[in-house]
Amino acid sequence: MSAHPTNDALLAAQNTAEAMAWDAASRTETITNAVQIFLQAPLTFGGLCLRGHGPARDALIEQISSALPPSLTMRKIPINVDQDRLLGGLDLIATLAAGKRVDAAGILEQAKGGIVIIPMAERMQDDIAAHLAIALDRRDIAVILLDDSVESDEAPPMVLMERIAFHCDCTAMAMPDNIIFTAPAGKVQPSLSDEQRQILTGTAAALGISSLRPLLFAQQAAMAHADIHQRSNVDEDDIAIAATLVLAPRATQLPQIQAEEDHHEPPPDDKQQDNQPEDPQQGDNESKNIEQLPDDMMIDAALAAIPAHMLDHIGHHKQRSGNGPMGRAGQKRKSVQRGRPLSPRPGMPGHGAKLALIDTLRAAAPWQGLRRSASENTVNAAQVHVRKSDLHIKCFEQSSETLTIFAVDASGSSAMSRLAEAKGAVELMLAEAYVKRAQVALIAFRGTESSLLLPPTRSLTRAQRCLGALPGGGGTPLASALIMAHQMALAAQKRGQSPMVAILTDGKANVMLDGTPNRVGAMEESERTAKMLAADNINAIVLDISPRPREEARILATALGARCVPLPRANSGDLVAAIESVGHKDKAA
């Protein structure tokens, strides 16, 4: 035992602070390299994504703006931009004054040849992202996506992430003080050898990257990095930088796993090799395969650039999909009263729908000359003639509140452990209830009936009080629990919520609705009740918590039109992860 525990604690804290400072400095250097290479040819590299808000990222954007040459302009596109403002459309004031259609240029036309900044890119609409992707393919613009997402499964639209070269995580970035981006003289044109292209290809394959765009970006990045340092040929450092900046953030697998599997392969038998005739072509093929494998330095450089949280997701085969259909934030649905503004559409105001005045005038403006000449009223020539077909109404999009209904099998000797897992999952989901707009309910079924232990709530205190003592043991009235969950889900749909039923059971129902023990009849009733939930299009998932996967749980999931996830040794985190994976109604068995 140390005589100076306080000094030891201070030393440990100092070492931790130094390690964090080194990681922040390393992250800053990596992002600086990416930005410097991007500024060499913005339209060639497409753009970059900066994830993680904070003063360091704001300072980096200011550095980028100050380093741009006069020929490159930078514009900001608001997240609620509509197609008319983005692509160009009718100039309302000029059209009304001239009596004929006058078009105005959109943001993309005004920003042609420059860079556009998109804040909160993870919330971008699919139609706006599609138009930006077309502009990127034409190399009309470059984009800087500001990813302010909090959850690891949130991301900007994949159609844009695929078309930009650099994905940077600014979460642990230090303040970029006095960063100066210098443009190269451009007198040399570096080139890659075939062997270097094979190294990049092998590195991409080892990291699980299947798309060709990252390979092209990596080659361009290696040549740009060599150009910055006035080298006529690309060297190993340039290849390592390209693998770190372009390939590492796109990794979908860990190459060490493959290396360990190759390492444990049994060695060939020497006697067999002596007996087999030598084949010179086989030796040539093996040497070619060896040359195509990436260097260990490239793999190590790529892995060092992947953040720790991304390594965890890669290890569990999870990818950031971006713009998921449901999640804990609820399903998105159209509304005419409140929510996030969308593009107006033709329609009659009333019954909650509000008139979109500007869009109505924009639709009527091109016809004013014709309508004025046909009108009998010539007293006021400035009068705007509006027809019913010109009327537009405002549209919004809002995320409905989710309700996760836990139906927990509390029968048998393992009931207490199952209820403990459900209790932990409920508390985990309620911990972020206010952020995620979520409610949780808990149904326990045992003996001859099911009971509502926790009504729909967002209160963690109330949940902890109700879940303090949970009963267990007895039969399995599965059909009764399904009926209660079905009724609760229908009531939630009427309130505008998005219900989802999570059933923790082994599927072995043995108590009928009238309370009599009958395994065959109880299974038939459970299957019929499950099909009723499926008919009402209610999202569900079956979590098989038996020691071994059961056929009964799979049959129940098939009747529900849901997934069956075997979790024999599940904890609360595993339950939450399985429930959150249900984004839409999965018809798999």
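Trainee: At what angle do the axes of helix α9 and helix α10 cross?
Mentor: Roughly 135°. The axes of α9 (residues 194-206) and α10 (residues 213-228) come within 10 Å. Axes here are lines fitted to C-alpha atoms, for helices over the stretch in contact, with angles from 0 to 180 degrees between N-to-C directions.

Trainee: What does that make α9 relative to α10?
Mentor: Oblique. Under 35 degrees counts as roughly parallel, over 145 as roughly antiparallel, 65 to 115 as roughly perpendicular, and the rest as oblique.

Trainee: Where does this model come from?
Mentor: It is a predicted model: local features need pLDDT of at least 70 and side-chain atom pairs pLDDT 80 or more, while totals for chains, interfaces and linings use all residues. Residues are numbered from 1 along each chain as its sequence is written, and side-chain values use heavy atoms, leaving out hydrogens and water.

Trainee: Back to the pair. Is the crossing of α9 and α10 left-handed or right-handed?
Mentor: Right-handed. That label means the near helix is turned clockwise from the far one by less than a right angle; anticlockwise is left-handed.

Trainee: Which residues of α9 and α10 meet?
Mentor: R197, L200, T201 and A204 of α9 meet L215, A218 and Q219 of α10. Contact means heavy atoms within 4.5 Å.

Trainee: How do α22 and α23 cross?
Mentor: At roughly 15°, with axes within 8 Å. Helix α22 covers residues 478-494 and α23 residues 519-535. The two are therefore roughly parallel. Here the crossing is left-handed.

Trainee: Which residues of α22 and α23 make the contact?
Mentor: From α22, L478, A479, L482, I483 and H486. From α23, E525, S526, T529, A530, M532 and L533.

Trainee: On to strands. What is the order of the open sheet of 6 strands?
Mentor: β13-β12-β11-β14-β15-β16, with mixed pairing. Two strands pair if DSSP finds at least two bridges between them.

Trainee: Which strands stand at the edges?
Mentor: β13 (449-457) and β16 (563-566). Each has a single partner strand, so one side of each lacks a neighbour in the sheet. Neighbouring strands are turned by 20° on average, direction ignored.

Trainee: In what sense do β15 and β16 pair?
Mentor: Parallel, over 4 bridges. I541 has R563 in β16 as its bridge partner. Helix α24 (residues 551-560) packs on this sheet and touches β14, β15 and β16. Its direction makes about 175° with that of β15.

Trainee: What is the order of the 5 strands in the other open sheet?
Mentor: β2-β5-β6-β1-β7, with parallel pairing. β2 and β7 are the edge strands, each pairing on one side only. The twist averages 20° from one strand to the next. Helix α3 (residues 55-67) lies across β1, β2, β5 and β6, at about 165° to β6.

Trainee: Which way do the residues of β5 point?
Mentor: I115 and I117 point one way, V116 and I118 the other. All are buried, meaning under 20% relative accessible area with a 1.4 Å probe, protein chains only; exposed is over 50%, partly exposed in between.

Trainee: How many bridges join β5 to β6?
Mentor: 4, and the strands run parallel. In β6, A142 is the partner of I115, and V143 that of V116.

Trainee: How many helices and strands in the chain?
Mentor: 25 helices and 16 strands. These are DSSP runs numbered from the N terminus: helices are H or I, at least four residues; strands are E, at least two. Buried residues make up 44% of the chain's 589.
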